[in-house]
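This report concerns the salt bridges of one protein model. Please look at the sequence and the structure before reading on.

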Amino acid sequence: PSMAVIKSTDETFEKLKKENKIFLWRATADWCMPCKSLSPVLEEISNEMKGQIVIADQNIDSEPNVPTTMAVKSIPFMALFKDGKLVSQKVGTHLKANLVSWIKEHL
């Protein structure tokens, strides 16, 4: 299956943020269990809201610069950008319905 959630890196973050009207960025790590449990939820949202939102994951261990500038203290950390500007952020795992309504507030 193709990954609906794309990969963000320190190099691609600014471009992703600028190119997408609504962009959800997540700081994650391979060792983070809550991050793993959130992944299928974000995949579903990305598929269901295709064309409305782009979701990208960034590994804090291999790509630490953007998470540092975003002041990520705990993961999973999600930041929602609209027209390149940070509009909202969330920490921790959330129910799919809560995430969808959070995204829709900013569409």
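What is the relative accessible area of K96, and is K96 buried, partly exposed or exposed? K96 has a relative accessible area of 26% and is partly exposed (buried means under 20% relative accessible area, exposed over 50%, and partly exposed in between, with a 1.4 Å probe and protein chains only).

## Basis of the report

The model is predicted: local features need pLDDT of at least 70, side-chain atom pairs count only at pLDDT 80 or more, and totals for chains, interfaces and linings use all residues. Residues are numbered from 1 along each chain as its sequence is written, and side-chain values use heavy atoms, with hydrogens and water left out.

A salt bridge is a side-chain nitrogen of Lys or Arg within 4 Å of a carboxyl oxygen of Asp or Glu. By this rule, the count is seven salt bridges.

K96 forms a salt bridge with E44, at 2.8 Å from N to O. Because K96 lies in helix α4 (residues 96-104) and E44 in helix α2 (residues 33-48), the pair ties together parts that are 52 residues apart in sequence. Helices (H or I, at least four residues) and strands (E, at least two) are DSSP runs, numbered from the N terminus. E44 is partly exposed, at 38%.

D83 and K21 also form a salt bridge, their closest N and O atoms being 3.4 Å apart. D83 lies in the loop between β4 (77-82) and β5 (85-91) and K21 in the loop between α1 and β2 (22-28), so this pair joins parts 62 residues apart in sequence.

E19 and K15 form a salt bridge of 3.2 Å, N to O. Both lie in helix α1 (residues 13-19), four residues apart, about one turn of the helix. E19 is exposed at 51%, and K15 is exposed at 53%.
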